[in-house]
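User: I'd like to learn how to read a structure like the one below, feature by feature. Could you walk me through it?
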Amino acid sequence: MASLVIAEHNNQTLSDATAKTVTAAAAVSAPVHVLVAGQNCDGVAQAAAKIAGVEKVLLADDALYAKMVAETMETLILSVVDKYDAILAPATSNGKNCLPRVAAKLDVPQISEILKVISPDTFERPIYAGNAIQTVQAPAGKKVITVRTTVFPAAGDGGNAVVEKIATAADPGTAKFAGEALSKSDRPELTSARIVISGGRGLGSGENFKLLDKVADRLHAAVGASRAAVDAGYVPNDYQVGQTGKVVAPDLYIAVGISGAIQHLAGMKDSKVIAAINKDEDAPIFQIADYGLVADLFQALPEMDEELAKRGYGQDKGT
Amino acid sequence: MKVLVPVKRVIDYNVKVRVKADQTGVDLANVKMSMNPFDEIAVEEAVRLKEKGKVAEVIAVSIGPAQASETLRTALAMGADRGILVKADGEVEPLAVAKILKAIVEAEQPGLVITGKQAIDDDSNQTGQMLAALLGWGQGTFAHKLELAEGSARIEREVDGGLQTVEVKLPAIMTTDLRLNEPRYASLPNIMKAKKKPIAEKTPGDYGVDTTPRLKILKVTEPAKRAAGVKVKSVAELLDKLKNEAGVI
């Protein structure tokens, strides 16, 4: 049979979470098909067709799918599900929202946030905020899986899949999109940035996050935050890194004024290099940091900004 | 309108879990157990709706071992009116939980079910969505804000890019995210009062649900450990190390 990957996109751009999920899907059941559901998203379908290993792209282009509302995604996925023995989505807010509905309707368990495909029916996944790793074997039948994309490499370019338009499915009429307030930023996206610099409660205010922003712009880094900083209202929810926020694994993670609660570590401990700045030398973050600096962040951040300037890191918001 | 709030008994979020040496799971012996934090937020939201007069009754449900009655008592002390304990030992997977909840929903006819978005033990993030699908209801997951209207609800949701609002027809399912509210601590008089509130005891069999796990857990292991690194003395030294030693800037 084949596997079906639910594409993550915003109708204009295909997220690289999709190509990463394709990598996982190819290990579960090849060939891989990708479902692009959206509105005026032909370009996204064309981009998905170029992912290596993708045999076919299903395109459902309709106002019904503009915001990937879970109820309409459920009926759409179920309308094509017979042809597949595995359905995978990246563990994004869209994937987490709709995929359990599909699993329930198929009467199969969902396997959430897989870290590794050991065999087509056996997977590793994190439990207890990543403090334990479970190896689970799925029963015979269709597999419904969300994928932690930070641990899978993106499938490359070079594909030449056919794009097939598919019919819309019934609208259950139980829910509809009613608005959004998305954060706008010129910085790289948190989950795919090469460098992430995050602030915690130690920043003390939203205003003080500007100190982080300056350093972030010099390093072309994304800016994140601990739950404590989001709960305190310093920055919006989409900044949150942690067990229930975003999981990141950049080349460099700089934690500033973050003590290192278990649920925060769950979201960043797979980063290649971790640096931490905290004035409390006993802060748990130092136990996992490759480089620790015990310092007052209100001195260290401006100093880092100056020092980076001296070393030729310009303050242009880059890619 | 009634509101149904499922609550799960889990290892307290402050406890550092230990993986058992035989790799069969994590050590639950003599470990502090509490209500799943997202479920506390769900109870709080339901109780606030009742206090505002928008809801007539708040029913808490827990599916788990006999001790899950303590979790229900916590919900009752926060302000829920009555509890239902569905006794089941061992792991009950989200799909089985959703099937039991579906049967309870059909019996109780709530206008809204509020669940936590995920339990902090298995981190599945499935039950609310599965229940919504089984019932054919609309859902507002990862809720940041709830506004109830006649026959519908506007639910503002925390999504990857920021916030999104959906309008769902009632009855519906809502799953809670962290910023929906700040749960109260139960006062001593309310803890005492909660002891007199009724808890009905049931079994999965009463609802015709088989809770045998469908996923086979082959093993549970510890994640790879990170070695602690070095302390640096200055910002300049930190940048030197990041550039020359780690090669990441």
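Analyst: Happy to. Please keep in mind that this is a predicted model. Let's begin with the nonpolar core.

User: Which residues touch the most other members of the largest nonpolar core?

Analyst: The general idea comes first: in soluble globular proteins, nonpolar side chains tend to be buried together. Here the largest nonpolar core has 121 residues, and those touching the most other members are Val36(A), Ala48(A), Val5(B), Ala60(B) and Ala80(B). Helix H3 of chain B, residues 94–108, gives the most to this core, with 8 residues. There is also a second, separate core of 69 residues, which includes Ala132(A), Val241(A), Ile285(A) and Met304(A).

User: Beyond its neighbours within four places in sequence, what is Val36(A) in contact with?

Analyst: Setting those neighbours aside, Val36(A) contacts Ala7(A), His9(A), Cys41(A), Val44(A), Ala45(A), Ala48(A), Val57(A) and Leu59(A).

User: Now the overall shape. How do I judge chain A as a whole?

Analyst: Start with the inventory: chain A has 8 helices and 16 strands. Its radius of gyration is 21 Å, close to the 20 Å that the globule rule gives for 319 residues, so chain A is as compact as a globular protein of that length. The C-alpha trace of chain A spans about 60 × 40 × 40 Å along its principal axes. Of the 319 residues in chain A, 61% are buried. Among contacts in chain A with a separation of 6 or more, 66% are between residues 24 or more positions apart.

User: How many residues does each chain bring to the contact between A and B?

Analyst: The size of an interface is often given as the accessible area lost when the parts come together. Here we can count residues instead: 67 from chain B and 72 from chain A. On the chain B side, E9(B) provides the largest share, 8 residues. By class, that side of chain B has 33 nonpolar, 16 polar and 18 charged residues.

User: In which sense does E9(B) pair with strand E11 of chain A?

Analyst: Strands of a sheet pair through backbone hydrogen bonds, either parallel or antiparallel. Strand E11 of chain A (residues 175–182) and E9(B) pair in the antiparallel sense, over 7 bridges. To find one bridge on your screen, look for Glu180(A), whose partner in E9(B) is Gln164(B).

User: And an example of parallel pairing?

Analyst: Look at the open sheet of 6 strands, in the order E13(A)-E12(A)-E14(A)-E15(A)-E16(A)-E13(B), where the pairing is parallel. From one strand to the next, the twist averages 20°. Within the sheet, 5 bridges join strand E12 (residues 195–199) and strand E14 (residues 252–256) of chain A, and Ile197(A) stands opposite Ile254(A). Helix H6(B) packs on this sheet, touching E14, E15 and E16 of chain A together with E13 of chain B, and its direction makes about 170° with that of E16(A).

User: Last one: is H4(B) mostly covered or mostly exposed?

Analyst: Mostly covered: 8 of the 9 residues of H4(B) are buried, including Met130(B), Leu131(B) and Leu135(B). The buried residues of H4(B) pack against helices H3 (70–80) and H4 (93–106) of chain A, and against H3, E6, E7 and E10 of chain B. Just after H4(B), Gly136(B) takes a positive phi of about 70°.

Notes:
Residues numbered from 1 in each chain as written. Chains lettered and ligands numbered in written order. Predicted model: local features only at pLDDT ≥ 70, side-chain atom pairs only at ≥ 80, totals over all residues. Core = buried A, V, L, I, M, F, W, Y, C linked by C-beta atoms within 7 Å. Buried ≥ 20, exposed ≤ 12 C-beta atoms within 10 Å, placed from the backbone. Helix = DSSP H or I, 4+ residues; strand = E, 2+ residues; numbered from the N terminus. Contact = placed C-beta atoms within 7 Å. Nonpolar A, V, L, I, M, F, W, Y, C, P; charged D, E, K, R; others polar. Pairing = 2+ DSSP bridges. Rg over C-alpha atoms; globule rule 2.2 N^0.38 Å. Axes fitted to C-alpha atoms, helices over the stretch in contact; angles between N-to-C directions.
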